[in-house]
Every structure is written in C-alpha cells, then in structure tokens.
Amino acid sequence: MRHITIHRLYFTNSDCFKTSKHGTPHGIQVHSTGANNPYLHRYVGPDDGLLGPNQYDNTHNRPGANVCANAYIGKLKDGTVTIYQTLPWGQHCWLSAGGTNGTPSANAQGFVGFEVCEDNRKNRDYFMDAVMDKSVNLCAYLCWKYSLDVNAVMDHSELHRLGMASDHGDISWWLKPFGYNMSMYRNEVRKALSEGVCVTYIEGDKTWTDGPEEAEPENPQEGTTVNKQMIVTGDGYLNLRAEPSKSATSIGKLYPGDVVTVTQEFSDGWAFVNSSAGQGYVMEAYLAPVPEEAPEEAPASDELLEWLGKAIDANAALTEALEHMQILLTGAVG
Ligand SMILES: [Zn+2]
C-alpha cells in the first residue's frame with residue numbers, strides 16, 4: 001500500500017471554481033508548468049503557513065486567471081514535495097484550452113487535470129519525487145476512485161495529438177531527459193494501482209483518509225449471538241480464519257466430524273466458533289446440526305439368545321462354585 005498526502009485548498013476566488021461544470025471524471029490530463037519555479041506558492045494560495053507567500057499576488061486562485069488545475073504538485077517553502085487539491089475532482093479544470101477540428105477539449109470531456117511545477121528539468125531527485133512518485137500515485141488514486149482505465153491517463157502532448165488540447169509538449173518533455181515516456185509512466189501508474197494508494201487529506205485542521213483498503217472503516221457487521229453445537233461436514237478440511245473473509249489468515253483446520261460451538265452468526269454466512277483448533281471464523285455452509293443422540297438399540301433376537309445362553313452358563317458356573325464353597329465350609333461330601 002502506498003500513501004500520499006493531499007492538502008485541500010479550493011480556489012474559491014477563481015472564475016473556474018465559480019463557473020466550471022461538474023461531472024464524473026472520464027480521464028486524467030497530466031501537465032507540467034513549463035516555467036522554472038518548483039514552488040507551489042507561485043500557483044497556489046493564499047499562504048497557509050506551509051506554502052509560503054506569493055509576493056506577486058499572481059496565483060491561479062484569483063479572478064481573471066484563465067488557467068486552473070484540479071491539483072498542483074510542487075514544493076512547500078521548506079522544500080517538501082506535496083500535492084494540493086484546488087478544485088473538486090469532478091469539476092472541469094481549465095488546462096487543455098480548446099480542442100481542434102471540432103473535437104471537445106479534454107477539459108470539456110471531463111479529464112481531471114493537474115500541474116506539476118517544473119524546475120529546470122535537470123534535477124533527477126525532484127523529478128523522481130514530484131513526477132514519478134507523487135503524480136503517478138495521484139493518477140493511481142484517481143483511477144481507483146473513479147474506475148478509470150489507465151489508458152485514459154494522457155499528457156498534454158498526447159491530448160494535443162488527439163485534437164483535445166492546445167499545442168504543448170508537457171509532460172513528455174520532462175520525462176525524456178530521464179529516460180521515460182508516457183507509456184512507461186502509465187505502467188508506473190498500473191503498478192501503483194495494483195499496490196493501492198491511500199490518501200490522507202488535510203484541510204485546515206481537519207484530516208481524513210480515502211483509499212482502497214484504509215478508507216474509513218464501515219460499521220463492523222453485527223453478529224447474532226447464539227450458542228449451538230454444529231458438526232463439520234464436507235470432504236476436505238475447513239479453514240478456521242482470523243477474520244470473516246476468505247482472504248483472511250487461516251489459523252487452524254477443522255475436519256469432517258469435528259464438533260464446534262457456534263457463538264455468533266453473521267448475515268454474510270460467517271460464523272464465529274469455539275473449536276478444538278481454537279476460536280475463529282468459518283463459513284457456516286460447511287456446518288450442520290449435530291445429529292440427535294440415537295436411542296440405545298435393542299439387541300437383535302439371536303444376539304439376545306446368545307446373551308441368555310451365556311447367562312445360563314454363568315449361572316451354572318455360579319451354582320457349581322457355591323456348592324463347592326459349601327463343601328469347603330461344612331467339610332461335607334455329597
Ligand atoms: Zn499543459
């Protein structure tokens with residue numbers, strides 16, 4: 001599992017925030033700024049204490065700015081590389097300008113977009129951190145969140161070739177000096193997506209997480225308390241698991257005929273049991289009620305006769321023994 005932090009600072013002063021349409025993202029547009037200034041405060045403000053001030057008051061969070069991204073990746077004033085979300089993910093950004101030959105722009109087609117703040121494109125450490133780590137993980141998170149195909153992750157230059165954006169060379173012009181291209185970039189996004197990306201959002205003094213596994217836990221399922229003996233059925237063994245999930249760790253094995261005590265039942269088919277293999281969860285479909293104790297069977301008639309025969313023999317032997325004892329006691333010989 002990968003982790004990223006996203007600071008949320010919506011551009012409420014921008015025309016884009018006030019007027020742009022909302023809709024579900026259909027793709028991702030990857031941009032870099034094309035200017036040598038890796039500091040976020042050039043584009044993102046007002047200063048929250050981490051960004052540092054913009055002395056020219058020319059961030060994209062101002063009326064009249066004709067460019068506005070959903071997010072920016074760059075340096076805080078202390079040099080830390082991080083991500084700022086500046087529009088809701090579903091709001092159309094202003095990054096690709098007009099499409100060509102009547103093709104709607106990537107903005108209009110609902111491609112969520114971000115800018116990575118460029119430096120002089122010669123610093124490998126910054127490139128690996130901002131582009132190949134933060135931006136790749138952001139793409140993977142958005143692909144997960146909106147079920148986007150990784151092939152719908154495209155840079156400005158690719159979108160231009162498709163007639164969906166103005167003629168710019170970003171971000172490919174920054175990948176190339178470090179030996180990458182957009183298909184390699186997408187492969188990195190696939191890798192991140194398969195590992196899963198969990199996000200910690202920070203907005204003022206509020207924080208929360210979002211991601212494939214470490215999302216806010218849903219209310220744990222309430223089980224029904226029971227107390228009943230069940231017997232393990234089936235042909236093979238039954239896994240006793242640490243959690244009520246087929247992917248949970250197996251902590252023991254139960255075999256057909258083993259009797260367990262079910263103490264909780266869950267609506268999705270899991271049961272919590274006490275067993276000879278310990279306590280844990282099993283699929284209740286593999287348990288059956290313990291059969292009623294069968295009544296003591298009456299012996300069959302020939303068996304009864306055999307038993308009677310032995311009893312008679314025993315009786316005869318006993319009589320003989322008693323007689324013998326009497327002889328010993330009385331000294332009488334009959
Ligand atoms: Zn661009």
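The model is predicted: local features require pLDDT of at least 70 and side-chain atom pairs count only at pLDDT 80 or more, while totals for chains, interfaces and linings use all residues. Residues are numbered from 1 along each chain as its sequence is written.

**The sheet**

Begin by displaying the strands; helices (H or I, at least four residues) and strands (E, at least two) are DSSP runs, numbered from the N terminus. Eight strands form an open sheet in the order 6-2-5-3-4-1-7-8, with mixed pairing; two strands pair if DSSP finds at least two bridges between them. Strand 6 (153–155) and strand 8 (206–210) stand at the edges with a single partner strand each, so one side of each has no neighbour in the sheet. From one strand to the next, the twist averages 25°. Axes here are lines fitted to C-alpha atoms, for helices over the stretch in contact, and angles run from 0 to 180 degrees between N-to-C directions.

Next, select strand 7 (residues 197–203) together with strand 8: the two pair in the antiparallel sense over five bridges. Thr-200 stands opposite Thr-209 in strand 8.

**Helices on the sheet**

Helix 2 packs on the sheet and touches strand 1 (2–8), strand 2 (27–32), strand 3 (71–75), strand 4 (81–85), strand 5 (111–116), strand 6 and strand 7. Its direction makes about 165° with that of strand 5. Helix 5 also packs on the sheet, touching strand 1, strand 6 and strand 7, and its direction makes about 145° with that of strand 6.

Now show helix 2 (residues 124–145) with helix 5 (residues 182–195): their axes come within 8 Å and cross at roughly 60°. The two helices are therefore oblique to each other, where angles under 35 degrees count as roughly parallel, over 145 as roughly antiparallel, 65 to 115 as roughly perpendicular and the rest as oblique. On the helix 2 side, select Met-132, Val-136, Asn-137, Cys-139, Ala-140, Cys-143 and Trp-144; they meet Tyr-185, Glu-188, Val-189, Ala-192 and Leu-193 in helix 5. Two residues are in contact if their C-beta atoms, placed from the backbone, lie within 7 Å.

**Strand 2**

Return to strand 2, where six of its six residues are buried. A residue is buried if 20 or more other C-beta atoms lie within 10 Å of its own, exposed if 12 or fewer, and partly exposed in between, with C-beta atoms placed from the backbone. Gly-27, Gln-29 and His-31 point one way, and Ile-28, Val-30 and Ser-32 the other. In a regular strand the side chains alternate between the two faces of the sheet. Strand 2 runs parallel to strand 5, joined by six bridges, and parallel to strand 6, joined by three bridges. Centre on Gln-29: opposite stand Gly-113 in strand 5 and Met-154 in strand 6.

In the loop between strand 2 and strand 3, select Pro-46; a cis peptide bond joins Gly-45 to Pro-46, with omega about 5°. Asp-57 lies in the loop between strand 2 and strand 3 and has a positive phi near 55°; Asp-57 is exposed, with 9 other C-beta atoms within 10 Å.

Move to the loop between helix 3 (156–161) and helix 4 (172–175) for Ile-171, where the peptide bond from Asp-170 is cis, with omega near 0°.

Finish at Ala-314 in helix 6 (residues 301–330). Ala-314 counts as exposed, with 10 C-beta neighbours inside 10 Å, and its C-alpha atom is separated by 58 Å from that of Ser-250.
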